[in-house]
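This briefing sets out selected features of the structure shown below.

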Amino acid sequence: MAGILVFVEQREGQIRKASLEALSEGRRLFQSKGLPVAAVLVGANVQALAASLGEWGAEQVFVADQPDLALYSPEAYAQAVAAAVTQAEPEAVFLAATALGRDLSGRLAAKLRVGCLPDVTALQWEGSTLQAVRPVYSGKALATVHGGQSRPVVVSLRPNVFAADKQPVNPQVVALPTVAVGGGYRVREVVAAQAGELDVAEAEIIVSGGRGLRAPENFSLIRQLAEALGAAVGASRAVVDAGWIDHAHQVGQTGKVVSPTLYVACGISGAIQHLAGMSSSKVIVAINKDPEAPIFKVADYGVVGDLFQVLPALTEEIKKLKS
Amino acid sequence: MRVGVLVTYVPDTASTIKVGPSGRAIDETGIKWIISPYDEYAVEEAIKLKESRGAEVVYFTYGPERDQQVLRECFARGGDRGVHVLGTGAAFGDAFAIAQILAAALQKAGPFDLIFAGVKGVGSDQGLVGAMVAELLEIPHVAAVTKLEYREGGITAWREIEGGQEVVELKCPCLITAQKGLNEPRYPSLKGIMAAKKMPVETWKVADLGLDEGALAGATCRWVSLALPPAKAAGKILNGEQDPQGAARELARLLREEAKVI
Ligand SMILES: Cc1cc2nc3c(=O)[nH]c(=O)nc-3n(C[C@H](O)[C@H](O)[C@H](O)COP(=O)(O)OP(=O)(O)OC[C@H]3O[C@@H](n4cnc5c(N)ncnc54)[C@H](O)[C@@H]3O)c2cc1C
Ligand SMILES: Nc1ncnc2c1ncn2[C@@H]1O[C@H](COP(=O)(O)O)[C@@H](O)[C@H]1O
């Protein structure tokens, strides 16, 4: 049986943590069977990053390094990864289920004419078949899935679920043939969100606010706690629709699906569509004045009380702990 | 200008999910079906193009008998034609099987200048079919679009990425997956609902597309079993009404010493 190929995402020369999680999980699964572990890097001036992937156990690193691959384009990136697949002939291709990874996985799977298991939260061997668990119906059910007869199976792994751990080897770096980038897709501009703002999809800790905040200016209470915790700011749809905060912050079925280590929901009732986005968080804290609010059903810790009193006090306590 | 829209019928997002007798799919009794929320943005964008540029709008759905209704719900908002690729729904959950069926249908009814899909089908939660269809049709696609501008022969799309936005230019034909924010989907009008009943739905069999549904279904992704998530143990609830300060202190302590997350 063949080994694993992990697509490692980088942005501006920075490797994404979620990709290291995918690489680590790929290594754990395939090394246990004595199978080879390879990675593929795509971008401009990424050659230097290739060697660093050896730290995480990549024995072979395929590199597509071209100026016109600096920014993501689905077709060009799929071509580059497909070229690595041709050389490595893996059993599976793993990607981090980031915005880029999820999009690329579909394009790549169709190009290879194989199946794709998206946004999985657990992986295991069932004999010689890789089986995955993925939340479906917004996390209301868990499906156990595999890639049928097709090989390699493309799998995207939900960020923050699998552990990233080092296991240094000396990697062999292999340059991939030049990819012909078509003219049908061109990134004109990348607009960064407000400087210093953490994205909820990647954050380890998220503090979210809902309609219980009563007015947009009260989001400052959420921001202060988030700052004390080094957390990203999330929101329910109710406050996004009301225009209090940008949609990029929305957590839930029609927002982002997150699984941070700690999720703090403040003045959020816990509607099923909100739970859909955050119920796989490791530790959930709810702050709500209504003891019957459904959010308490999924909370590991809860405070029944007025957020206007509890939040400032909590921010102070956290600052004390951290100093 | 011709615009194709991929729409799918999914359980209402508030539905209670139970595992069905097969152990591999949900129990569909009592489920209310709705247009997948992201597909609503796709539908709205297409109808706006019909209104502003006289585009012809053709809806496509693949699925069992009841899915014909999703086309009627689209017609109630606007649009010209609807194609229902009637299947057993056996390919559900196998994005590549579905993409092959839809790509073949689009080809048969095509060509299209623009194709819209949802960024993700609610329920299947895959976010794959759009990109796969584009690859099969050998056209570019852009995912998670929150704003669109139309130019001669192409589009400019604003798409959400982590920590920001990308502005992308594409040539037509291309495929766009709709993200929340793209527009405000309209409600169907009463007149629209009445008119929708009379709109012709074309029903095609998978075999008419030269494909074998049985062979496709589950070939590239198989649901082995479906289970409900394990029930969560009751959490520790602190009373912050009398003594918010004390509750905050205790919470901070628990997060550090017990949960070890801060
Ligand atoms: C198709 C569809 C998709 C959806 N997608 C999403 C989604 O992605 N994300 C999402 O979040 N929602 C989504 N929703 C909306 C969802 O159903 C809820 O309407 C929404 O989550 C409610 O937001 P909320 O909890 O902020 O507001 P509310 O439900 O109004 O809750 C406010 C809470 O604040 C508490 N509160 C009030 N004052 C205080 C106080 N002083 N101190 C402490 N607590 C207080 C109240 O007790 C209450 O529990 C979707 C709905 C549909 C139909
Ligand atoms: N059975 C189907 N019929 C028509 N369109 C579909 C079907 N399944 C998925 N789609 C389209 O593909 C999008 C993404 O679906 P998915 O990959 O399942 O998350 C949906 O929002 C629809 O636009």
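A:Arg113 counts as partly exposed because its relative accessibility is 48%; buried means under 20% relative accessible area, exposed over 50%, and partly exposed in between (1.4 Å probe, protein chains only). The residue A:Arg113 is found in the loop between α4 (99-112) and β7 (116-120) of chain A, and its phi is near 55°, a positive value in a residue other than glycine. Helices (H or I, at least four residues) and strands (E, at least two) are DSSP runs, numbered from the N terminus.

This is a predicted model, in which local features need pLDDT of at least 70 and side-chain atom pairs count only at pLDDT 80 or more, while totals for chains, interfaces and linings use all residues. Residues are numbered from 1 along each chain as its sequence is written, chains are lettered from A and ligands numbered from 1 in the order in which they are written, and side-chain values use heavy atoms, with hydrogens and water left out.

**Confidence**
- The model scores ipTM 0.93 and pTM 0.93.
- Chain B has a mean pLDDT of 95, and 100% of its residues reach 70 or more; pLDDT is the predictor's confidence in each residue, from 0 to 100.

**Overall form of chain A**
- Chain A has nine helices and 18 strands.
- Chain A is as compact as a globular protein of its length, because its radius of gyration of 21 Å is close to the 20 Å that the globule rule gives for 323 residues. The radius is taken over C-alpha atoms, and the rule is 2.2 Å times the number of residues to the power 0.38.
- The C-alpha atoms of chain A fill a box of roughly 60 × 45 × 40 Å along the principal axes.
- Of the 323 residues in chain A, 61% are buried.
- Among contacts in chain A with a separation of 6 or more, 65% are between residues 24 or more positions apart; contact means heavy atoms within 4.5 Å.

**Surface and charge of chain A**
- Chain A exposes about 11800 Å², of which carbon and sulfur atoms supply 50%. Accessible areas come from the Shrake-Rupley method with a 1.4 Å probe, and for residues only the protein chains shown count as cover.
- There are 28 positive and 30 negative side chains in chain A, and the centres of the two sets lie 4 Å apart. Lys and Arg count as positive and Asp and Glu as negative, with His and the chain ends not counted; the place of a charge is NZ of Lys, CZ of Arg, CG of Asp or CD of Glu.

**Backbone geometry**
- The peptide bond from A:Arg151 to A:Pro152 is cis, with omega near -10°, and A:Pro152 lies in the loop between β10 (141-146) and β11 (153-157) of chain A.
- In chain B, a cis peptide bond with omega about 5° joins B:Gly110 and B:Pro111; B:Pro111 is found in the loop between α3 (95-109) and β6 (114-118).
- B:Ala144, in strand β7 (residues 141-151) of chain B, has a positive phi near 55° and counts as buried at 10% relative accessibility.

- B:Gln126 lies in the loop between β6 and α4 (129-137) of chain B and is buried at 4% relative accessibility. Not counting residues up to four places away in sequence, B:Gln126 touches residues including A:Arg102, A:Pro118, A:Arg134 and B:Asp94.
- A:Leu229, in helix α5 (residues 219-229) of chain A, is buried with a relative accessible area of 6%.
- A:Leu229 and A:Val207 are 22 residues apart in sequence and 8.7 Å apart in space, C-alpha to C-alpha.
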